[in-house]
Structures are given as C-alpha cells and as structure tokens.
Amino acid sequence: MSDESDDPSDDLETRRRRRWTGLVSLTVSRWWQRATGTTAGRIVSTVAAVALTIAFLLVVTGIALALADGGVTTTDDATVRILPDEQQTLSSVDGVEGPRLGATNERARQLRAHDGVAHASPVLIETGRLEAGGDPQTVQLIGVVPDGTSRTVAGLPLDRLEEGDPHYANGSYDGPRAGEIVLSRTAADRLGASAGDEVTVSMGPIRSSDLSVTVTAVADTDGGEDGAPVALVHASELQSLSGAADGELADRVVVWGDAEIAQSAAADAYPKASVTVSGTTDPTALFEDGLAFATSAIALIVGVTICASFVATTMGMTVDEDRRTLAVLESIGVPTRGRLAVIAISTGITTLVGSVVGVGLGAAGIAGVNAVAGATVAPGAVAQFHPLFVPYGIAVAVLSGLVAVPYPLAVAARTSVLSEVGR
C-alpha cells in the first residue's frame, strides 16, 4: 500500500511546498557562501550601505526625539504640565526659539489660588555659562518658583531655594534678588564648586549681564538623566537675565495638587495650550513637535531613497554577474517565477542583515553624538534611543528592499540559457 495520497491536488501541493522549500534553502546557502567567499565584497558593500543609511536615520530620529522630549529638563514630579501649543508661539525671538507660554508668572499665581492646587510654577529653560574661578562651563539653567515644599524640577529639589520669587515683585522685576542656585552633581564637579561658593552666571556672547549667585546645595538629579549639568535658579532672575521678562515667558507651567482640579484649572488658565497629566507621557511626542516631526520625516524619505538606490544598484550588478547560475537553474527546469524568487529572497536577506547592523550602529552613533555634545557645548543628551527604533529601522530597510527589488528582478528576467551559452 502506497503512502502517497490518492488525491492529485494533495500531491501537487506537496511538490510545490517541497520545491519552494528547496529554493529558499538554496538561496540562503548561496547567499552565505557568497558573503563569505570570493564575492564577499559585493555583499558586504550592500550590507554596509543599508547599515549606514539605517544608522543615519536612527541618529537623526534620535536627535528629533530628544528635541521633542526635552531631555532631563522636562522631568519633574508635578501633577499637571502645561505646554505651549505649536500654533501659539510666544517666543521672544519668534521663529528662532521654540514656542513658549506667556504671562506665566501671573497665571501660575492664579493657579495657586485654586482649592485643590498645592502649587504652580513657571519653568524657564535657558542655556548659560557658569564660572566659579575656573573655566566657564555650559549649564542648562532652570528657572522656577519654589514654595518651600519638597518638590523636584529637572530632578533637582526646589526647597533648597528661598521660598517665593521676590525679584518678580508683581511683574515689575525690580524686587530684591535671592541670588541662589542649586547645582546638579555633574555641574558642580565641572565647576569645582560646592555649597556656599559664589558662581557667576552669564548668557550670550556679551557678558554685560552677569549675575552672581550663591550655591545653596549640590544635589543628585532625582529620576533624571545621569551626568546632566543642570541648575535651578529663581524664575524671575533667569527671565531678567535672558530677556524673557518681557511677556513673562516660560517653556511650561507645572502644577501640583489634585489631578482633576489641577487639570481643569490648567485648561482654564491656558485654554489653547496642551495640558498633560503626570504618568501619561506620550512616546508619540515626536509627532506633536512640528520641527522634530519634519526632521524625522525628511530623514525617513532620504533614508529610504538612498537605501533603495544602493540596494537596487549593487544587487542589480550582483545579479548581472550571476547570470550563469540563473541559466543553470533554468536548464534544470526551475521556472522563471522560481528564479526571480531566488533574487528576491537574496535581496531580502541582504537588507535584513544590513538593517540589524544598522540598528546597532545607530545606537552606537547616538551614544557617540551624546558623548561629543556633552564634551563640547551641549549639556545633557541631544539624542535619545528608544526601543521602538529596532523595529523601525528593520521596517525601513525592508521597505527599501521592496522598492529596490524590481531592478534586480528585471535584470534576472532578461537572462536565458541561449544567451549565456553564447557568451
């Protein structure tokens, strides 16, 4: 009694499955032999082109993500955050600086008057230079209004600053300066400063507006990024120093208290701004920042275009050199569809390997960019790596391979036994 099925359709399906399994095995085996044999250069160059393109894409996207997220300076333990809407740019240098909220000191005061709201503070972020007897160091300055209670902004404690914001003086900005600063551990180490030392704060190329402050504390950043040189000062003093006093500008307003009440009060204070509740951080912030989204979108288009061009060119040249093998496959009865499948699978393997290498290079590139930026002028991380970058990089490479594969398929389709015999 035969083991074969009596149904002809089952036999056909079995033969078809075995034929495709054989083609896939043959393709993988040939790809590996070529990648490690005499034609390794062509395969390696294609893989390198895909890898470098994906790495470039991830580095640019990581920078855009950091730009949208804001890094350590965006961390705090507030209940609600009010962020400017992209359409409401109130920056003092419109089109150059990012969007900011206006009248923040006054509206924070109004928020603090709500029952259920424990405290509210504008948060102004500026890059400045600090000097404590040695070389000036670039530090991210965070302007806040402390209330004497244990709270954190940018991972640093607010209660190490004098309560209130006396220099604000109901909007006149002529009150006495507290002249205090809280340094992160990294900032203090770079300055060589400790609690009680005098530090000079300056901004911009002209040092005509230096401010002398006293270090009240050196603290480790709580929940923030390790190694970020940041410092807390009173909001109005930083506004006066940076020119943000005109309009009472700030990057965001943070509110502590009952979540529902704080959210409602924040929405009333800034009806057209973005109000987010703590613990609901949206990883899609990249899509909410116009500049960051545009940057990552352009990088995606450029990446797909370059990657597809490299893959199409190099794989087309590889197929052209491999016409004799395709003729052999045709002579032993492998149909056109099967021969084209061999080319498509080879292209897919090449782009997949390139994407995996590219993701690794992208992660290393982001770390390198942060290291270089941290050692020069940019405090903190300027690029971020997210776990979603792994499937993102692979998906982009696969898409590029799909765009590129018609060209090597066209080259393969023109191959015939007769033409190769004549060569």
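A search of the whole structure turns up two aromatic pairs; rings of Phe, Tyr and Trp (its six-membered ring) pair if their centres lie within 6.5 Å, with planes under 30 degrees apart counted as stacked, over 60 as edge-to-face and the rest as tilted. Y168 and Y173 are both buried, where buried means under 20% relative accessible area, exposed over 50%, and partly exposed in between, using a 1.4 Å probe and protein chains only. The other pair is F385 with F389: centres 5.4 Å apart and planes at 80°, so again edge-to-face. F385 is partly exposed, at 36% relative accessibility, whereas F389 is buried at 7%.

A word on the source. This is a predicted model, in which local features need pLDDT of at least 70 and side-chain atom pairs count only at pLDDT 80 or more, while totals for chains, interfaces and linings use all residues. Residues are numbered from 1 along each chain as its sequence is written, and side-chain values use heavy atoms, with hydrogens and water left out.

One more ring to mention. The charged end of R107 sits over the ring of Y270, 4.6 Å from the ring centre; the criterion is NZ of Lys or CZ of Arg within 6 Å of the centre and within 35 degrees of the ring normal.

Next, the helices. The protein has 13 helices and 11 strands, taken as DSSP runs (H or I, at least four residues, for helices; E, at least two, for strands) and numbered from the N terminus. Helix α8, residues 290-321, packs against helix α11, residues 389-404, at about 50°, with the axes 8 Å apart. Axes here are lines fitted to C-alpha atoms, for helices over the stretch in contact, and angles run from 0 to 180 degrees between N-to-C directions. On the α8 side, the residues that meet α11 include L300, G303 and V304, and on the α11 side they include Y392, V396 and L399; contact means heavy atoms within 4.5 Å.

Last, V80. This residue lies in strand β1, residues 80-83, and is buried, with a relative accessible area of 0%. Which residues does V80 touch, not counting those up to four places away in sequence? Among them are V253, V254, A259, A262 and V275.

For the protein overall, 44% of the 423 residues count as buried.
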